[in-house]
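Hi,

Here is the structure I wanted to hand over to you.

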Amino acid sequence: MIATAKRLDGIGEYYFSTKLREIDELNKQGKSIINLGIGSPDLPPHPDVIKVLQEEAAKPGVHGYQNYKGSPILRKAFADWYQQWYGVALNADTEVLPLIGSKEGIMHICMTYFEEGVAVLVPNPGYPTYSSAVKLSGATPVYYNLEGENNWMPDFDKLDELVAQYAQAPFKGVRGLFVNYPHMPTGQLATPELWQQLVAFAEKHDILIIHDNPYSFILNDKPASMLSVEGAKNRVIELNSLSKSHNMAGWRLGVLCSAKERIEEVLRFKTNMDSGMFLPMQLAAAKALTLGADWYNEVNKVYRARREKVYEMLDVLQCTYSKDQVGLFIWAAIPAGEKDGYAVSDKVLYNNNVFITPGGIFGSNGDKYIRISLCGSIERFEEAIKRIKQ
Ligand SMILES: Cc1ncc(COP(=O)(O)O)c(C=O)c1O
């Protein structure tokens, strides 16, 4: 038997990786499952973006290894995008690091800053990769509660308590905090005060904040960056992504923005892991970042119409939900009589051939919830509603 490394203890295969295999099996049995689980945009990128990729890929001199810090053209496009939409000034040469998707950035940050004995605060519920990446780095994820009664906002007194608790041996203290607004999976939008409070909290306890910001353009009139807080750059690393905002999830294009020192620290790890991205993709991404308000309006028009169908579906399932949610999903509380979101998800999968995500995969505070993705055509939602009604 080949032994696996100890660092994999307690790390399972990513939930969706396993679940998609099961759905494939069910499809092979002829079930034709409607998958409303995963947040992978089904719409294409803008045609001009594809055109740049095609034209650039046809050139002979673009196929070699690329700059480890990303193409200067892409870095400038990200800096201009931050200025235009978030009002945040970034130095394109020193404060912007293109990534092969923001998911890999989460791992790079953990490997750069965290280690055994260190505690890292992660939201419950939250994106499961935060805690897996923290565990893989050898550090300990410590969950902080986000609860519906508190609008899925952190309780700073409780955060202070956690910092004090993990300052005691055998721990070496809290070194980082993951945060993500618009929040996935709950769709909660941050308040401007929250950014200020978080930066002040990080200053007080001398910790690093990692703000994960992939949903700011989806069904949100006011895209915002945590880096807009005065002095935030030294304390905050913000991750962003073209996966959701530009329908480019499969392209794997993200960015990490922070102070020059943080970028250089992360590069010490990242330059040992990959050798840059295909230049035509970077140039096409730069094109995507120049798209104007029309692009975001068009995308959101589609999601708004689909959201109405999701509300209808949730009403059939007798779930309760807020209509103020932002992002690519609708988060809903299951009916009182149901055991948990897993039971509801299984029931709908096995009885109606529709897959929706159980909220519990995002942490115990999501146990009584389900999450439905807006990444499906109106027809698919209508068919799903029909199946569930039956
Ligand atoms: C909260 C959150 N962060 C990060 C990611 C990963 O995005 P990317 O495609 O840029 O790796 C996702 C993807 O679903 C997400 O939901």
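A word on terms to begin with: a polar contact here is a pair of N or O atoms within 3.5 Å, where within protein one must be able to donate a hydrogen and the other to accept it, and residues adjacent in sequence count only if both atoms are side-chain atoms. Please note that this is a predicted model, so local features need pLDDT of at least 70 and side-chain atom pairs count only at pLDDT 80 or more, while totals for chains, interfaces and linings use all residues. Residues are numbered from 1 along each chain as its sequence is written, and side-chain values use heavy atoms, with hydrogens and water left out.

The protein splits into domain 1 (6–44 + 293–389) and domain 2 (63–288), with bounds from an automatic or database domain assignment. Their centres, taken over C-alpha atoms, lie 25 Å apart. Domain 1 brings 34 residues to the contact and domain 2 brings 33, counting heavy atoms within 4.5 Å.

About 2,800 Å² is buried between the two domains, 60% of it from carbon and sulfur atoms; this is the accessible area (1.4 Å probe) that two parts lose on being put together, summed over both. On the domain 1 side, Y296, V326 and N365 supply 26% of the area buried against domain 2, more than any other three residues.

As for polar pairing, 14 residue pairs are in polar contact between domain 1 and domain 2 (both at pLDDT 80 or more).

Best wishes
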